[in-house]
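Colleague: Hi! Could you walk me through this model in plain words?

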Amino acid sequence: MSDQKNLSKLSAAGLLISLGIVYGDIGTSPLYTLRAIFNTVSDGGQPISTDLVLGALSCIIWTLTLQTTIKYVVITLRADNKGEGGIFSLYSLVRKKARWLVIPAVIGGCALLADGIITPSITVTTAIEGLQVKFPHVQVIPIVLVIITLLFVIQQFGTSLVGKLFGPVMFLWFTALGVLGVHYVVQDFSILKALNPYYAGHLIVTNPMALIILGGVFLCTTGAEALYSDLGHCGRKNIRVSWIFVKLTLIVNYLGQGVWLLQHPHYDKALNPFYELVPAPFLLYMVALATIAAIIASQAMITGSFTLIAEAVRLNLWPKVRINYPSNQKGQIYVPSINWLLCAGCITIVLIFKKSINMEGAYGLAINMTFLATTILVAVYMRSKKVPRYIIAIFLLVYGMLELAFLAGNMTKFFHGGFVTVLIGATLFTVMWSWFVSRRIKNRFVKYVEIEDYYQLISELSDDISVPKYSSQLVYLTSANFKTEIESKIIYSIIQKEPKRADIYWLVHVDVVDEPFTRDYKVEFLIPGKLIRIDFRLGFRVEQSVNLLYRKVIEELVKNGEVDITSQYTSLNRHKIAGDFRFVLLEKHLSRFSKLSFYEKTIMNYYFILKKLSLSEEKSFGLDSSYVDVEKVPLIFVTPDDIELNRLPV
């Protein structure tokens, strides 16, 4: 936790880290935002005029102010979960307020993952296309595919070494943005009129293509969610102070592009205003810097996707998947399945759209849904903090209207590529939603019994030498929240299915708490020396390696003399050999006889398909399969009362 405290302090190192981690996506938006706006307007038959340029720039400036600065930097960063941010961290803070809050959380999470596919594709492609300014016939697609493939290949080795270079590179990038912008702003100071919100309002009210223009304007703020997601890596103060520098350079660069547009109102649509700011001798250097910045932006999205999935798994919103830790650096995780899913998605996007200008339609729509979801969750969080109702109402009104307006603008791009993002997000939503709902369905059919009623029977079974010993230490994972209860299926497994004699029976329960890094446990001796329960309270960012956690607790108990795990076999006991351990996992299946509705059956069938594709229970809990027995039990027990029979006379 000391590292976390150091991160939260304002420091030069913290500011540099923030530049490298937080601003990759939003920092590369000048590569394509104005091009997207004015190419769309040009297609609509509107000439480039002073009012149009000033209006578009004003929309960008005030979007960065209202959406990024006020909503995220000022307001949302306050909603930290023990120093951690992100939509699932926010959901963990408020989920007990209302069950329906899982809906915006899941929608926001899926939209972020969809954005993780689009971001590397458009940023890397746009950067490499800068080569065509000097080399018109260069083949962009092969270069982009090589860069994207290498980017995903190196993920498995960890990025801590490369990450140390991100800060200085992004500082150089933002400095270059500012310098290029200033070079053109000083040529026409009238461009500073765009700072006046009047021009934004005038454009929205009077221009018939206002919605389409807003769809392009939205691209300037697509990386705003990263400011909140990376709260735990950088700290609130470092993000807020570094944003001042970042926002200034972004605005100056946009203004510089605006001056160039006024100077070239009939420019060739194939040109990118961003690269037109760059003096010819420095073009290749700028392309190289833009490419590195694009890679950094992509890396941030990929890392964010890994963290998002890891949190979703622990919050039971995603199937269990393998999570690796390629380095000792905090927060460095690697999720192979998501890595290659994103890689395949990015390559597919590049091959389908071929040019970055074609990808702009697919970009923005998904992240717009995340913004709306965050607005809802932040409003609930503000209510939990006793913020006056009128302030919450103003917040919801302002950002609800703003983001719905952007959504309407982005929907105009639906048939120009936006449907791809919606399709990706919708597919991811079916996975998250089915996994979440199936857990609720399963819990509904879990039958609990009073464990005290079986104390004597368990004690006698443990001492009954006529029953072959199943294991010295027998461990069951239980979902019962109270020590007085136990699933009837566990009792059935111990006593009836195949009587399992053991020296000690262990019940292990894992409770995922709303704090990110909690690691607590408690031990209850239900039957001293015979039946022991261990309750783990783990944060939603803590790896649930039950095998290691359980053995750590056993070591503590043995060291304190609270339990004796010496084998009771005469020959082994004489030599003080520890007894063997065996885990029993109860795996549910859907029987043909079922009381579920059509919707619930569909959800459960989808769940079992996902379960087959996901990590097995023993691997997800970090158990050695040679010490695990998996018993299949029906989700719903069929009893004679459920069947009606007619006896016919002889």
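Modeller: Contact means heavy atoms within 4.5 Å. By class, that contact of H5 with H10 has 10 nonpolar, 3 polar and 1 charged residues. Here Ala, Val, Leu, Ile, Met, Phe, Trp, Tyr, Cys and Pro count as nonpolar, Asp, Glu, Lys and Arg as charged, and the others, Gly among them, as polar.

Colleague: Before we go on, what kind of model is this?

Modeller: It is a predicted model, where local features need pLDDT of at least 70 and side-chain atom pairs count only at pLDDT 80 or more, while totals for chains, interfaces and linings use all residues. Residues are numbered from 1 along each chain as its sequence is written, and side-chain values use heavy atoms, with hydrogens and water left out.

Colleague: And what are the H and E names?

Modeller: Helices (H or I, at least four residues) and strands (E, at least two) are DSSP runs, numbered from the N terminus. The protein has 27 helices and 8 strands.

Colleague: Back to H5 and H10. At what angle do they cross?

Modeller: Roughly 110 degrees, and the axes of H5 and H10 (residues 197-206) come within 7 Å. Axes are lines fitted to C-alpha atoms, for helices over the stretch in contact, and angles run from 0 to 180 degrees between N-to-C directions. That makes H5 roughly perpendicular to H10. The cut-offs are: under 35 degrees is roughly parallel, over 145 roughly antiparallel, 65 to 115 roughly perpendicular, and the rest oblique.

Colleague: Is that crossing left-handed or right-handed?

Modeller: H5 and H10 cross in the left-handed sense. A crossing is left-handed if the near helix is turned anticlockwise from the far one by less than a right angle, and right-handed if clockwise.

Colleague: How does H5 sit against H14?

Modeller: H5 (residues 50-75) and H14 (residues 236-263) pack at about 170 degrees, with their axes 10 Å apart. They are therefore roughly antiparallel to each other. The residues in this contact divide into 13 nonpolar, 5 polar and 2 charged.

Colleague: What about H7 and H8?

Modeller: H7 (residues 102-129) and H8 (residues 140-153) have axes 10 Å apart and an angle of about 130 degrees, so the two are oblique to each other. Their crossing is right-handed. On the H7 side are Pro120, Ser121, Val124, Thr125, Ile128 and Glu129, which meet Val140, Ile143, Val144, Ile147 and Ile148 in H8. This contact has 8 nonpolar, 2 polar and 1 charged residues.

Colleague: New topic: how much of the protein is buried?

Modeller: Of its 650 residues, 55% count as buried. Buried means under 20% relative accessible area, exposed over 50%, and partly exposed in between, using a 1.4 Å probe and protein chains only.

Colleague: Which residues of H4 are buried?

Modeller: Thr33, Leu34, Arg35, Ala36, Ile37, Phe38, Asn39 and Val41. That is 8 of the 11 residues of H4 (residues 33-43), so this helix is mostly covered. The buried residues of H4 pack against several helices, including H5, H7 and H14. After H4 comes Gly45, with a positive phi near 90 degrees.

Colleague: Now the loops. Is Ala79 buried or exposed?

Modeller: Ala79 is buried, with a relative accessible area of 1%. It is found in the loop between H5 and H6 (87-94). Leaving aside neighbours within four places in sequence, Ala79 is in contact with Glu84, Leu90, Leu93, Tyr228 and Tyr381.

Colleague: And is Lys386 buried or exposed?

Modeller: Lys386 is exposed, with a relative accessible area of 71%. It lies in the loop between H19 (365-384) and H20 (389-411), and its phi is near 60 degrees, a positive value in a residue other than glycine.
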